Amino acid sequence: MKLKVGLSAVLAVGLLSGMTTTASASVKLSKEEMKKATQIYFDRCAGCHGMLRKGALGPNLLPEKTRSMGTEVLATIIYGGTPGGMPDWGASGEMSKEETELMAKFIQLDPVSPPEKSMADMKKSWKVFVPVDKRPKKPETKRNWQNYFGVVMRDVGKVAIIDGDTKELVNIVDSGFATHILRTSKSGRYMYAIGRDGKATVIDLWMKKPRNVAEIRVCNDARSIDTSKAKGYEDKYAVVGCYWPPSIVTLKGDTLEPIKIVSTASYYYDTEEFTREARVASIVADHHKPEWVINVKETGQVWLYNYADPNNPRITMLESERYLHDGGWDLSKRYFLVAANARNKVVAVDTKEGKVEAIIPTSGVKPHPGRGANVDHPKYGPLWATGHIGSHHIDFIGTDPDNHPKNAWKIVKTIELPGDGGGNLFIKTHPNCNYLIADRPVNPDRKLQTQLYIIDKNKLEVVKTIKIPSKYTKARKVKVNGKTIEIKPRGPVHIEFNKDGSEFWVSVWGHKLVPSAILVYDSKTLKLKKAIEGDWVRTPTGKFNVYNTMKDIY
Ligand code: DHE
């Protein structure tokens, strides 16, 4: 399989391997600049490169490497991005040229360790807006609430609840800073949001106008949230996975009252060196056992976290691979498949037996499945698919050792998306749709970035690309603080199906200063059915259909 790379990828490889270019003079920042750069680093960079800048999805940015690269090379990468998945922060208008230069300087300074957080700190931020006994006893709405979509409006820290039947906006609720993902409780009644600032909120979808009923800030930096889905524990607990302080926080499902904090700081599974920054990446709730599958990014450990007695959790630690990121269930919901993106591998965890079943090398660079996509293929049997951020490969992995042992935990097919470089973030499907849909929003090529890639489930090949109407992706000039800046929406990001699989929705990943759109496609004809637009549609990214999220359908 051929990997296609461009000039900026070469720079990125240099960044990975510690390339030396012109040595930079020592860098100094004023107090104001330092404050601004620290905030930008937290908002935009820490997720991939680590709070302590030791690297994860992105390479390490430690001073011994960055100083040798110098401000000019670093600023070029930050401005233009790379086909390896580094976003084009400057070219897309999300950072000004001056800001990309500021960040190039900042990452040459020594990293600073951020603050810790205790249960007492957490409790100060805990608010119950509507006590449980004042909440509806049954759905108050006549709408088909199980077909609601929660849409993250990332850069304005809000969640839009949209009626999937009528496409009407039902309500907009506040959530944490740079809201990341939403998940629903087992019954679907509660929808949980997690902000990058570690603020968890819970929305009651049974209310006529769904709104937040409780919130709490459990840490300073987080990406994942899920709930208890096992029989007897439905809607009982919620769990937040924190990036900083690296920890797992169990909460009461209806009020978000904090119950237990468990630190994930530990030892890399292979070198047995200690790492304080052992961040919690994806979490998924087991539908059969009272367990969460919790993926500890840096250490490469999968924790099977039994929450039956939440103050005394029983944890099975499984050695797998680095750095664990996102993943999803296979068709049977017995195996959880998670990307280990620093090693280009996918780890398959057998949750029934509580062991790692297989570690599968992928065909590309940096697998990034989101939840992935499941296919019941007539020849190969059940398959699970992942794309890659760093290359154009989509891999299909056999997941049924009982009935298709020859294909189990092997890549039975690899598809190459057209054009150079990766940039794929999400791939999705629905049992009632004949296609898998893949996006590519962080490919630096505008044409590739603004298309959707349609893969036929039987043929396992790309049968069509859909170009997003240019009115949604064209560059626009806007005035900020008296200065005119150019903004380019990144293109379609994240795919979600409606309850019956007859539609798929994608967000146009715009800038918060300009309204954007959520596009609804017919999943049979692949035609654009409706554009959900309005002044309120700002930086829509992840979308979560209530029914599909309750049942983990993808
Ligand atoms: Fe995500 C899932 C981490 C940037 C949208 N993202 C995940 C998961 C993790 C993660 C660990 C799995 C959660 C789970 O299943 O429990 N994401 C990170 C980062 O560390 C990273 C790379 C950088 C950062 O600074 O945060 C990052 N993510 C983004 C974005 O920029 C995206 C594209 C837009 C946004 O709104 O933030 C984004 N991530 C998503 C979405 C999912 C996700 C929509 C859930 C996919 C799903 O279908 O379930």
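**Cavity, ligand and backbone**

Me: Which residues line the largest cavity?
Reply: Ser92, Glu94, Ile487, Lys488, Pro489, Arg490, Trp509, Gly510 and His511 line the largest cavity. A lining residue has an atom within 4 Å of a grid point. On a 1 Å grid over the protein atoms alone, a cavity is a set of points where a 1.4 Å probe fits but cannot get out.

Me: What kind of model is this?
Reply: It is predicted: local features need pLDDT of at least 70 and side-chain atom pairs pLDDT 80 or more, while totals for chains, interfaces and linings use all residues. Numbering starts from 1 along each chain as its sequence is written, and side-chain values use heavy atoms, without hydrogens or water.

Me: OK. How many cavities of 30 Å³ or more are there?
Reply: By that rule, one. The largest cavity has a volume of about 50 Å³, counted as the space filled by probe spheres on points joined across faces, edges and corners.

Me: What classes of residue are in the lining of the largest cavity?
Reply: Three nonpolar, three polar and three charged. Charged means Asp, Glu, Lys and Arg; nonpolar means Ala, Val, Leu, Ile, Met, Phe, Trp, Tyr, Cys and Pro; the others, Gly among them, are polar.

Me: Pockets now. What is the volume of the second largest pocket?
Reply: About 940 Å³. A pocket is an open set with protein on both sides within 12 Å along at least five of seven lines. The second largest pocket is lined by 31 residues, with Gly93, Glu94, Met95, Ser96 and Glu99 nearest its centre.

Me: Which element gives the largest share of that lining?
Reply: α2, with five residues. Elements are DSSP runs numbered from the N terminus: helices (H or I) have at least four residues, strands (E) at least two. The lining of this second largest pocket has 10 nonpolar, nine polar and 12 charged residues.

Me: How many residues surround the ligand?
Reply: 25, each with a heavy atom within 4 Å. The closest are Arg154, His180, Arg223, Tyr243 and Thr541. By class, this shell has 10 nonpolar, eight polar and seven charged residues.

Me: Which arginine side chains come up to ligand oxygen atoms?
Reply: An N or O atom of Arg223 is 2.6 Å from a ligand oxygen. For Arg196 the distance is 2.8 Å, and for Arg371 it is 3.1 Å.

Me: Where does the ligand lie relative to domains 1 and 2?
Reply: Between them, because domain 1 (8–106) and domain 2 (118–152 + 164–319) both give residues to its shell. The bounds come from an automatic or database domain assignment.

Me: Last topic, the backbone. Which residues does the cis peptide bond join?
Reply: Trp244 and Pro245, with omega about -15°. Pro245 is in the loop between β10 (237–244) and β11 (247–252).

Me: And what is phi of Lys167?
Reply: Near 65°, a positive value in a residue other than glycine. Lys167 is in the loop between β3 (158–163) and β4.

Key
A polar contact is a pair of N or O atoms within 3.5 Å; within protein, one must be able to donate a hydrogen and the other to accept it, and residues adjacent in sequence count only if both atoms are side-chain atoms.
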